[in-house]
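The following paragraphs lead a new reader through one protein structure. Please keep the sequence and the model in view while reading.

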Amino acid sequence: MTQEQIEKENKEIAREYKELLSISYQTLNEEDKKLIRKAFDVAVEAHKDQRRKSGEAYIFHPIAVAKIVAGEIGLGPTSIAAALMHDVVEDTDITVEDIERMFNPRIAKIVEGLTKISRMEPDPDISLQAENYRKMLLTLNDDVRVILIKIADRLHNMQTMESMVPHKQAKIASETLYIYAPLAHRLGLFNIKTKLEDLGLKYTEPEVYNDILSKTKESHEEQTAYIKSITSVLNEALEKEDLAFTIKGRPKSVYSIRRKMKAQVVSFDQVYDKFAIRIIYKSAPADEKFVAWKIYSIVTDHYRPSPSRLRDWISSPKSTGYEALHITVMGPKGRWVEVQIRSERMDEIAEKGYAAHYKYKQGVTEENSLDKWLNLLKEALENSEANAVDFVEDFKLNLYAKEIYIFTPKGEIKSLPKGATALDFAFSIHTDIGIKTRGTKVNGKLVPLNYELNSGDQVEIITSTNQKPSIHWLEFVTTARAKNKIKNALNEDVKQLSDEGREILARKLKHLKINIDEKIINELVTYFKLKTSQDLFYKVGTGKIENHLLKEFASYKNSNAFLNFFKKSIRKESVEIKSDNKLDLIVFGKDDEKLDYKLANCCNPIPGDQVFGFVTINEGIKVHKIDCPNALSMRLNYAYRILQAKWIDSSAQEFNASLMIKGIDGLGLTNELTRVISNQMNVNIQSISLSSNAGIFTGQITVIVPNKNVLNKLIENIQNIDGVEKITRITGSI
């Protein structure tokens with residue numbers, strides 16, 4: 001770099017630093033500014049010789065993370081200082097002890113929590129990534145600010161991924177959608193959650209993202225005019241009531257539009273509520289509820305509400321601390337529009353989440369539901385002895401879950417994730433009650449323990465001192481708390497049986513002339529398709545793995561088949577493809593290797609679909625679509641098993657595809673359908689099933705197609721048949 005370029009870069013660094021101080025959500029005194037300046041100087045010195053892949057000085061990254069922490073999350077000087085130094089221990093010679101000496105133990109503890117976990121050699125039978133997430137979440141035991149700064153770090157990394165290779169972009173984006181966006185949601189950081197989701201979609205499904213983004217931009221002018229037509233009416237009506245307020249029009253995010261398109265199986269044009277209107281009002285704390293319902297009354301005087309889409313999160317706030325009234329009204333031109341009503345205090349909590357919640361917490365005696373959630377999470381983390389992948393799966397379920405509100409027999413209200421059961425409710429009250437649950441009553445009627453609760457249910461728990469959990473209880477609950485408590489209660493018996501099982505196994509293997517060691521245990525775990533060594537010992541201890549099965553293992557181990565079995569579970573095997581066989585193929589990796597594979601039943605890819613390979617333990621390579629429902633989980637938990645893949649020569653082999661058709665029934669519809677499919681397209685019909693009810697028909701057709709292009713053309717032609725309202729390709733087994 002020239003001297004001129006260095007001076008220009010230094011000026012830019014100084015400008016970024018000044019902006020960091022100016023955007024801080026919290027008021028900074030002189031001591032705070034000195035602390036931040038000292039952290040900034042340490043970071044600049046530590047990273048002075050480092051550059052990012054984009055070519056810019058590395059120090060721009062910690063400053064950007066600190067800006068997100070200060071402005072968007074709203075944390076104070078301790079967190080800003082920690083954010084500035086979040087990479088110095090990982091990337092330089094500075095130690096945690098050095099930071100504690102230069103600053104204080106709290107900043108040192110946060111930086112230690114933020115330091116990346118050192119890499120280990122990947123093991124095909126465990127998920128390093130899932131274990132890393134569990135360790136990261138364990139830092140909540142020390143300070144929730146670690147997670148908040150980690151989210152800020154991930155957001156900036158997502159915003160600056162252009163220079164990375166595509167497969168790394170897809171991996172990082174999958175992790176983001178799988179764990180970081182749900183975490184941001186759960187901590188009330190809705191703006192950051194939205195940004196993470198949109199960026200995640202941008203790199204996992206770039207074509208879908210760009211298509212929705214371009215269509216959103218095309219319709220922006222028309223949407224702006226539409227929002228203006230509604231806000232002008234509401235402005236006039238609210239001003240007559242002498243209310244102090246602001247109205248904002250807010251377009252839905254690309255990710256939320258995509259989610260709606262998938263959930264409702266509709267096109268972009270068929271998603272009607274692509275934007276929301278937010279009314280933010282000034283009010284004294286005591287009058288907030290009254291003013292909110294007054295505004296609701298004014299809005300519904302002008303626009304007809306949908307009774308089924310009223311959400312009152314003022315009377316019962318979400319466990320994130322979020323409060324608001326949400327109503328969906330019928331706007332001009334017959335379009336549904338969501339209207340969000342919230343006070344300035346509620347808006348601040350919605351924007352800043354955790355930090356704003358604590359700003360307003362003073363004087364509140366009742367424990368906030370977000371605090372309760374954090375305490376439950378800490379409890380789950382401390383007590384969980386589960387496999388890391390299972391733990392992360394359970395944990396994630398409780399991040400995005402919609403909430404239901406349940407009443408105790410005394411009329412107290414409890415919030416639980418949607419899908420929670422009567423037994424989940426018992427454990428949410430107290431562990432002892434959950435463990436001793438003998439029966440449950442919902443609204444006065446006796447129900448099974450796995451009865452799924454609905455909002456408004458009143459639940460009574462019947463307990464017995466003699467009751468003990470059984471293994472089946474794990475199937476009766478959905479919350480991570482209940483699962484962990486049941487597992488802990490069962491654990492003593494399992495440990496005892498496992499200890500006995502290990503001794504029995506060692507004795508039986510000795511008779512078979514096999515010495516028990518870690519290698520043999522791992523081979524047995526894989527052979528019997530188990531997850532952990534404890535599973536193996538437990539099954540031996542309970543007699544489920546008998547002598548004849550161990551003898552089969554011994555003979556299998558001594559054969560060549562055993563060697564091939566384990567090679568296949570870890571390594572990719574090349575297979576010869578006959579040159580005279582012109583079937584469609586999927587090739588793998590940068591070198592377009594031709595390997596043996598199977599198409600996954602969960603998403604049923606056909607030629608032309610974007611795909612990836614997944615190396616399974618027992619079934620070789622399975623090929624999945626990029627947007628397979630299981631894709632995010634696989635990319636997060638088993639990133640080292642993912643293979644780049646693509647179709648080649650998709651002109652000969654034929655594939656099955658099932659189509660679901662809905663529309664208005666008419667004379668000769670079946671004939672017209674078969675004519676379009678068979679005569680126009682030269683496509684064979686494998687099966688066709690149509691049924692009619694009160695003038696509406698639904699049907700499923702399975703056709704044999706050579707590739708995706710033909711299938712797309714076929715769908716287009718069927719869509720043009722008079723009476724056909726909707727046609728969709730069914731994902732899943734055909």
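Two strands are taken to pair if DSSP finds at least two bridges between them. The model under discussion is a predicted one.

Strand 9 covers residues 437–442 and is joined to strand 11 by five bridges, the two strands running antiparallel. They belong to an open sheet of three strands, arranged in the order 10-9-11 with antiparallel pairing. At its edges lie strand 10 (445–447) and strand 11 (459–463), each of which pairs on one side only. From one strand to the next, the twist averages 35°. Helix 20, formed by residues 422–429, lies across strand 9 and strand 11 and runs at about 80° to strand 11.

Strand 13 and strand 15 (residues 621–625) run parallel and are joined by three bridges. Within this pairing, Tyr-597 has Ile-621 of strand 15 as its bridge partner.

Attention now passes to a pair of helices. Two packed helices are described by the angle between their axes and the distance between the axes. For helix 10 (residues 166–186) and helix 11 (residues 190–204), the axes come within 8 Å and cross at roughly 160°. Because angles over 145 degrees count as roughly antiparallel, helix 10 is roughly antiparallel to helix 11. The crossing of helix 10 past helix 11 is left-handed. Among the residues that meet there are Thr-176, Leu-177, Tyr-180, Ala-181 and Ala-184 in helix 10, and Ile-192 and Leu-196 in helix 11.

Which residues does Leu-196 contact beyond its neighbours within four places in sequence? Its contacts are Ile-151, Arg-154, Leu-155, Met-158, Thr-176, Leu-177, Tyr-180, Ala-181 and Ala-184. A second, separate core of 28 residues includes Ile-230, Ile-279, Tyr-281 and Ile-314. The largest nonpolar core contains 63 residues, and Leu-196 is one of those that touch the most other members, together with Leu-84, Met-85, Ile-99, Ile-149, Ile-151 and Ile-192. In soluble globular proteins, nonpolar side chains tend to be buried together.

Conventions:
Residues are numbered from 1 along each chain as its sequence is written. This is a predicted model: local features need pLDDT of at least 70, side-chain atom pairs count only at pLDDT 80 or more; totals for chains, interfaces and linings use all residues. Side-chain values use heavy atoms; hydrogens and water are left out. A nonpolar core is a set of buried Ala, Val, Leu, Ile, Met, Phe, Trp, Tyr and Cys residues joined through side-chain atoms within 4.5 Å. Buried means under 20% relative accessible area, exposed over 50%, partly exposed in between (1.4 Å probe, protein chains only). Contact means heavy atoms within 4.5 Å. Helices (H or I, at least four residues) and strands (E, at least two) are DSSP runs, numbered from the N terminus. Axes are lines fitted to C-alpha atoms, for helices over the stretch in contact, and angles run from 0 to 180 degrees between N-to-C directions. Angles under 35 degrees count as roughly parallel, over 145 as roughly antiparallel, 65 to 115 as roughly perpendicular and the rest as oblique. A crossing is left-handed if the near helix is turned anticlockwise from the far one by less than a right angle, and right-handed if clockwise.
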